[in-house]
Each structure stands twice: as structure tokens, then as C-alpha cells.
Amino acid sequence: MPSDNKIEPSIKDPHASVLPRAAEKILDVARDLFYRQGIRAIGVDEIVKRAGVTKPSLYRSFPSKDELAASYLRQYDLEFWERFDEAVHAHPGNPRTQINAFLARVGKRTQKSDYRGCGMTNAAIEYPEHGHPARVVSEANKQELRRRLRAMATAMGAADSDTLGDGLLLLIEGAYISGQLFGLGGPAGTVARNADLLIEASLKK
């Protein structure tokens, strides 16, 4: 099991180190469209048109749209853990401050006009089938986040660390959704402060 302060992405993109130029363009375009409009709402015709490539080029790199969606989410997963890892390593040995730093950035992102929440959460909503490639990536990301938050709650000395960890996870997921509903000035902007209040209450004797 990886240490709590070391981020090891749960799922690696098999295309990441060998993507040819056309595949990179396809994935970049798909990432933007999938995040902003939803995976199901976008067809391969729109992707190849915007990428300036042909359908055969797409299917040479990605056997199906489902695999393209999974590749987008694997990339999203890597970038998510890079951001999380940055907050962790900026405050070694201080999980409370690590969480606060990570969530402060989340709160800022939720206030942007083009914010569309968490790509992982969105994909899980779009694909209720547990074996779907996109959902598999999303579930792995969320399970790992839950594990890490619980471990950080333990490191803080919480008497009921699992409940605190899960409470933090619920706050994070709530920020992802409410950020899309309320936008600028909405409650998601205070997610770091609310998380710290929850931590403070959980650490009181």
C-alpha cells in the first residue's frame, strides 16, 4: 500500500508515453469537449472534426469511444493526484494544512465561470454501469481519495478517523456539484474553511 504522503496514480494511461501526434490532438480535443459538454453528448464525428484528423486515425489509437473516454479520465486522474501531491509535499507532516491547501485551490476553481466540477464525478454520473471503462477509472480515483482522507484523519489524531475522512470526502463532492450550481459567490468557495471547522470539531476531546 502506498504511503499517505506519496501519490501513486491508481490507474496509468497505457497511451501516455507513446501517443503519436494525431492521438495527442484527439485526446486534447476530447478532453475539452468531454469535460465541458459531457462524454455521452459528444460523438466521434465532432472530435475528429475539431482535431482535424480522420476516423481511422482515432480508431488506430483508441479502439472505441469508451476507451477514449477512459484515456481522458486516466489523464485527469494523473493531474488530480499531481495537484493533491503538491499540497501534501508543501506541508510535510501536517495533514490538516495539507487538506486546507488542497481545498483552498478547489474552492478557487469552483468560482470560475467555466467550472464544470470534477470530471471523475461527472463520468460516474453519466455511466451507472459499474464495468464501464470510464466508470472503472472514476471509481478507482474516488476509492483512493477516500482511503487517503481517512489516513490523513488518522494522522491528525481524530478519535473517529473514518467518519472524519468520509465527512471531508462529502464536503469535496458537494463543492464539485455546488460549484456548478451557484458559481461565483457560491458555497463551494468556502470548502476549505468548512473542512477545517469539521476537522476542529472532530479533534476536540
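I take contact to mean heavy atoms within 4.5 Å. With that cut-off, I find eight residues of domain 1 in contact with 11 residues of domain 2. I keep in mind that this is a predicted model.

**Layout.** I looked up the division of the protein chain. Domain 1 covers 19-62 and domain 2 covers 77-201. I then took the centres of the two domains over C-alpha atoms, and they are 28 Å apart.

**Buried area.** I asked how much area domain 1 and domain 2 bury between them. The value is about 790 Å². Carbon and sulfur atoms carry 37% of that area. Next I checked which residues of domain 1 lose the most area to domain 2. They are Tyr35, Ile39 and Arg40. Together these three make up 70% of what the domain 1 side buries.

I counted salt bridges between domain 1 and domain 2 and got three. I also looked at the pair Glu79 and Arg31, which form a salt bridge. Their closest N and O atoms are 2.5 Å apart. I sorted the domain 1 side that touches domain 2 by class. I noted three nonpolar, two polar and three charged residues there.

**Annotation.** I turned to the UniProt record. The unreviewed entry lists residues 43-62 as "DNA-binding region". I checked this span in the model: 75% is helix and 0% is strand. The end C-alpha atoms of residues 43-62 lie 14 Å apart.

Methods
Residues numbered from 1 in each chain as written. Predicted model: local features only at pLDDT ≥ 70, side-chain atom pairs only at ≥ 80, totals over all residues. Heavy atoms only, no water. Domains from an automatic or database assignment. Buried area = accessible area lost by both parts, 1.4 Å probe. Salt bridge = Lys/Arg side-chain N within 4 Å of Asp/Glu carboxyl O. Nonpolar A, V, L, I, M, F, W, Y, C, P; charged D, E, K, R; others polar. UniProt positions renumbered as here; feature names shortened; annotations may be inferred. Helix = DSSP H or I, 4+ residues; strand = E, 2+ residues; numbered from the N terminus.
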